[in-house]
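Subject: Structure handover

Hello,

Please find the structure below, with its sequence. My notes on what was found follow it.

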Amino acid sequence: MASHSDTLVVFFGATAGANGGKLGSDEREIILLVWQIVDLHEKKVGKLQRRLVKPDSLELTDQSKEETGLSVEELYKAEPLDKVLQQFQQSVSAELKALGRSSYTLCVDGPLIIRQALHPEASKKNLVLPECFYSFVDVRKEFHKCCPNAGQVQDLTLHSMLEYVCIPELPLSEQVMGLKEVRCMVQLSLHILAEPYNHKFSCFEAVKYKLESGACSKTEPVDSETVIRARGLPWQSSDQDISRFFKGLNIAKGGVALCLNAQGRRNGEALVRFINQEHRDLALERHKHHMGSRYIEVYKATGEEFLKIAGGTSNEVAQFLSKENQVIIRMRGLPFTASPQDVLTFLGADSPVTDASDGLLFVKYPDGRPTGDAFVLFSCEEYALNALKKHKQILGKRYIELFRSTAAEVQQVLNRYMSTPLISTLPSTSMVPMPVLATPPYLATGSTRDCVRLRGLPYTAAIEDILEFMGEHTIDIKPHGVHMVLNQQGRPSGDAFIQMRSADRAFMVAQKCHKKMMKDRYVEVFQCSTEEMSFVLMGGTLNRSGLSPPPCKLPCLAPPAYAAFPSPAMLSEAALYQPPLLATPRTPQPPHSPHPTPTLAYYPPQHHPAQLYMNMNMNYTAYYPSPPVSPSTMSYFASPPGSVALAAQQPHPQGHVASPMMPQHGALVRMQGLPYNAGVKDILSFFQGYQLQPDAVLLLYNFSGQRSGEALITFPSEESARRAVAERANHPLSGLPVRLLVCCD
């Protein structure tokens, strides 16, 4: 339509808040619309139209009152936005008919009124905008084509453009906001249409009607100046919700990547890629705008971050996503024996899958075992909605969850499951056996009732909530003594175990905290033994009838049997962890007696006659234990590569081989206050000159799988660590001062 328009409609708007260069940045509603028609052939103008708009919230900022000259009383008598837009259409159509013209294009002074005010407000109010608001010309860009020496487009103003072509300003009596701007734009348009410019309006800008889905390859170049990170999204939000939040701005094809946490669930963040830097910069102006009742934070991000989330290399995924304009639904909780036909039957005839079984993608582990997840393609929104109605219906003996999904989420889920094995690979035979997180550290089996069980926790409860719940008794918790119990789907079960320093302390906690409130629920607290806790964490149950051991026959679920055998030497607490999650180490507490050697669970590197194998296999409950947490810290990070093997080779003062442990005192430096997007390369650049290798940098993550803003750096010696702290402390990294601490301090 735009390329064949024979009429311009010069258009202007103002809001109840910020105007000018900040129009739309504060989410305030439109209160004024002004327009006038310009006939491009006859060089004639129509009647100047001005309409007040009644906002839902009748509040004006002082700045808006001063600039517009409007009062609340005037706006109270006005029509709402939808009515004013109808009047706009009727008025323009009548004038076009009188002029004998058939089409028109909007002409604006900068894109803000269209992209940052009108489209976002219409989206929030569920208004359908006329087609004319999806295409427009910017008088600044048109003027710049005629007069390139007038300055950069972003620096041009109506005043500077009029001054450049020697058009006098309007008299003060006519400088009413809205009327003044429209008259100036009309004068400029007529001027560049005439000799010597004879300009033709051709820089038509478009607003996309909807988000385009598509796949992204890891080899595809992505400009970092086009990517943002949105944080604080509702967990159930889809790519369409994010597109609606950025309505008016053009997102690149397949440009919404929802981020997942360590458990494979959405973490409330998304990376969004726009078609160019101009749209990215406008998106940054929506920082702390609202999606429903939640405000969304918007930050700059990099193309590398986007590709890490949305990029893929799998041919199977590429083929699955090659069908364009498909609606993607994610199914979670499928029986491991479910076949494509079972899924098609479950979805039913009212929600046919695109290309039948070819429209299904089952997510599997690297060894081919199913994860219980699948993605489904539907050809239209109606079929997808019919499928979503089956959310939590039963297939086999399990209820199935269905969610809207995106191409980027398909890539991310497949990348996660296919690139990282569920259980870390075995170390080489030259390395010291690494204990597995399947059993929490220092769970020496015994009947001493020095633990407490918390039952009935809110499912949203985190470690911090438990510590607050424990109150003054927190100081009596053993290091790394808080253990969340997750169910077979890896979700919080509402239970937790706490290891106390003594049975007396556990009894005191059970007496004082039993049925105490946490958030809106009361929590039951029972005293129990380490043995009972171990049974539950290994997949067994503990109830009034006693202990039920973990299931011993779980086809396709159990990994190789785990061995329990006495440790040859006392292990430090920091050495008892393995990727992918590891609690931040605190200074190890020396044992009271060097003789006892607690029984620990190990992943055996090879069969050994001295190993005493358990007569049970572990289910997925043991795969996803909550990482043990010390009351003094909440961070998690990957185990330092080779650190345990290195420590094992150090000679003990008595001539024995030292037990596996973290690097010696003074070798670790903690960085605090890092930007959340800081990576290993940034940290190595920060410590340039200290000859650090990439595997010396350990980024810390919190319980939800997000970066905590901290890192641990392994230096070759305590001397070099202290020198680095002295020289680099409080130096900026990406504009933020970084705090450095030697861990042994």
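Predicted model: local features only at pLDDT ≥ 70, side-chain atom pairs only at ≥ 80, totals over all residues.

Lys516 lies in strand E23, residues 516-518, and E23 is joined to E24 by three bridges in the antiparallel sense. The two strands form a hairpin with two residues between them. Lys519 sits in that turn and has a positive phi of about 60 degrees. E24 covers residues 521-528 and is also joined to strand E20, residues 451-455, by five bridges, again antiparallel. In that pairing, Leu454 has Val525 of E24 as its bridge partner.

The chain as a whole

The protein chain has 745 residues, and 51% of them are buried. There are 21 helices and 36 strands in the chain. Taking contacts between residues at least 6 apart in sequence, 74% join residues that are at least 24 apart. The accessible surface of the chain is about 35,300 Å², and carbon and sulfur atoms account for 53% of that surface.

Nonpolar cores

The largest nonpolar core contains 49 residues. Which residues have the most contacts inside it? They are Phe11, Leu33, Phe88, Ile114, Phe133 and Phe246. Another core lies apart from this one; it has 36 residues, including Ala14, Cys184, Val186 and Leu193.

Five strands form an open sheet with antiparallel pairing, in the order E10-E11-E9-E13-E12. Strands E10 (251-260) and E12 (289-291) each have a single partner strand and stand at the edges, so one side of each is left without a neighbour in the sheet. From one strand to the next, the twist averages 30 degrees.

Within this sheet, strand E9 (residues 227-231) and strand E13 (residues 294-300) run antiparallel and are joined by four bridges. Arg231 has Glu297 in E13 as its bridge partner.

Helix H10 lies across E9, E10 and strand E11 (266-274), and runs at about 70 degrees to E10. This helix spans residues 303-310 and is mostly covered, with six of its eight residues buried. Those buried are Gly303, Glu305, Phe306, Leu307, Ile309 and Ala310.

Strand E31 and its two partners

Is strand E31 buried or exposed? Five of its five residues, 668-672, are buried. Leu668, Arg670 and Gln672 point one way from the strand, while Val669 and Met671 point the other way, and all are buried.

E31 pairs with two strands, both in the antiparallel sense. Strand E33 (residues 707-714) is joined to E31 over five bridges, and strand E36 (residues 739-742) is joined to E31 over four. Val669 takes part in both pairings: Ile713 is its bridge partner in E33, and Val742 stands opposite Val669 in E36.

Regards

Technical notes: Residues numbered from 1 in each chain as written. Heavy atoms only, no water. Core = buried A, V, L, I, M, F, W, Y, C linked by side-chain atoms within 4.5 Å. Buried < 20%, exposed > 50% of the residue type's maximum accessible area, 1.4 Å probe, protein only. Pairing = 2+ DSSP bridges. Axes fitted to C-alpha atoms, helices over the stretch in contact; angles between N-to-C directions. Contact = heavy atoms within 4.5 Å. Areas by Shrake-Rupley, 256 points an atom, 1.4 Å probe, with all protein chains shown as cover.
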